[in-house]
Amino acid sequence: MMREDSLEETQIKLDDVEIPLEDDVVSTQSDTRPLLNERDPRGVNECLKVSFEDVIAEPQSVRSTDKVWICSHTLFEVSRVWLYRIFTTLLAVPVSLISGILFAILTCLHIWLIMPCVQILLLNTRCPHTLWNSVLEVFISPLFRSIGKCCSAVGIHLTRK
């Protein structure tokens, strides 16, 4: 049973035990509330900020009449905005649902299948890994450092006749 003592603090009463809950409790979950004002905070879709002038531009030498230009601009902006709203209305919920399911499956597979297999592989290949690192450090790395020092003085000059 929940009751509200004040605006800053909420308490949950379980039998005779009261547990205070604060608004600023650190959670292991990310904040999943949608941002209404800033919908692209990381700038993922910066390339989609398209205006009429980015798409249609008339040079000074060839120009249409002002009324055609104004009508074209208005039609472009209105159709861009309203068609986006229509397509978003039709596609946003199904695409969001499919994306959520896909990311949930991938996350589950990564946590419960892929990472345990990788850890088992790393545990079982520790000996060959150590041996390979030794071979690289003792034989191959000095060889290629020497070749690099020998070839660093080589210069190529191209001349055109």
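User: Leaving aside neighbours within four places in sequence, which residues is S51 in contact with?

Analyst: S51 is in contact with F76 and E77, where contact means heavy atoms within 4.5 Å. Between S51 and F76, which are 25 residues apart along the chain, the C-alpha atoms are separated by 8.9 Å. This is a predicted model, in which local features need pLDDT of at least 70 and side-chain atom pairs count only at pLDDT 80 or more, while totals for chains, interfaces and linings use all residues. Residues are numbered from 1 along each chain as its sequence is written, and side-chain values use heavy atoms, with hydrogens and water left out.

User: Where is S51 found, and why is S51 called partly exposed?

Analyst: S51 sits in the loop between strand 3 (17–22) and helix 1. Helices (H or I, at least four residues) and strands (E, at least two) are DSSP runs, numbered from the N terminus. The relative accessible area of S51 is 26%. Buried means under 20%, exposed over 50% and partly exposed in between (1.4 Å probe, protein chains only), so S51 is partly exposed.

User: How many aromatic pairs does the structure hold, and what makes the pair of F52 and W69 edge-to-face?

Analyst: There are two aromatic pairs. The ring centres of F52 and W69 are 4.9 Å apart and the planes stand at 70°. Rings of Phe, Tyr and Trp (its six-membered ring) pair if their centres lie within 6.5 Å; planes under 30 degrees apart count as stacked, over 60 as edge-to-face and the rest as tilted. The pair is therefore edge-to-face. F52 belongs to helix 1 (residues 52–55) and W69 to helix 2 (residues 66–124), so the pair ties together parts that are 17 residues apart in sequence. Ring pairs also link F52, W69 and F76 into a cluster.

User: Are F52 and W69 buried or partly exposed?

Analyst: F52 has 1% relative accessibility and therefore counts as buried. W69, at 27%, is partly exposed. Across the protein chain, buried residues make up 2% of the 161 residues.

User: Why do R80 and E77 count as a salt bridge?

Analyst: A salt bridge is a side-chain nitrogen of Lys or Arg within 4 Å of a carboxyl oxygen of Asp or Glu. The side chains of R80 and E77 meet at 2.6 Å, N to O. R80 and E77 are three residues apart in helix 2, which means a separation of about one helical turn. R80, at 37% relative accessibility, is partly exposed.

User: What is the distance between the closest N and O atoms of K49 and E46?

Analyst: Those atoms are 3.5 Å apart, and K49 and E46 form a salt bridge. The count comes to two salt bridges. K49 is exposed at 59% relative accessibility, whereas E46 is partly exposed at 44%.

User: How do you know that R85 lies over the face of W82?

Analyst: The distance from the ring centre is 4.9 Å. A charge sits over a ring if NZ of Lys or CZ of Arg is within 6 Å of the ring centre and within 35 degrees of the ring normal.

User: Which residues form the nonpolar patch on the surface?

Analyst: Its members include L97, I101, F103, I105, M115 and L122, and the patch has about 1,100 Å² of accessible area together. Areas come from the Shrake-Rupley method with a 1.4 Å probe; for residues, only the protein chains shown count as cover. Patch residues have over 30% relative accessible area and no salt bridge; like charges are joined within 9 Å, nonpolar side chains (Val, Leu, Ile, Met, Phe, Trp, Tyr) within 5 Å. I105 is found in helix 2 and is partly exposed, at 46%.
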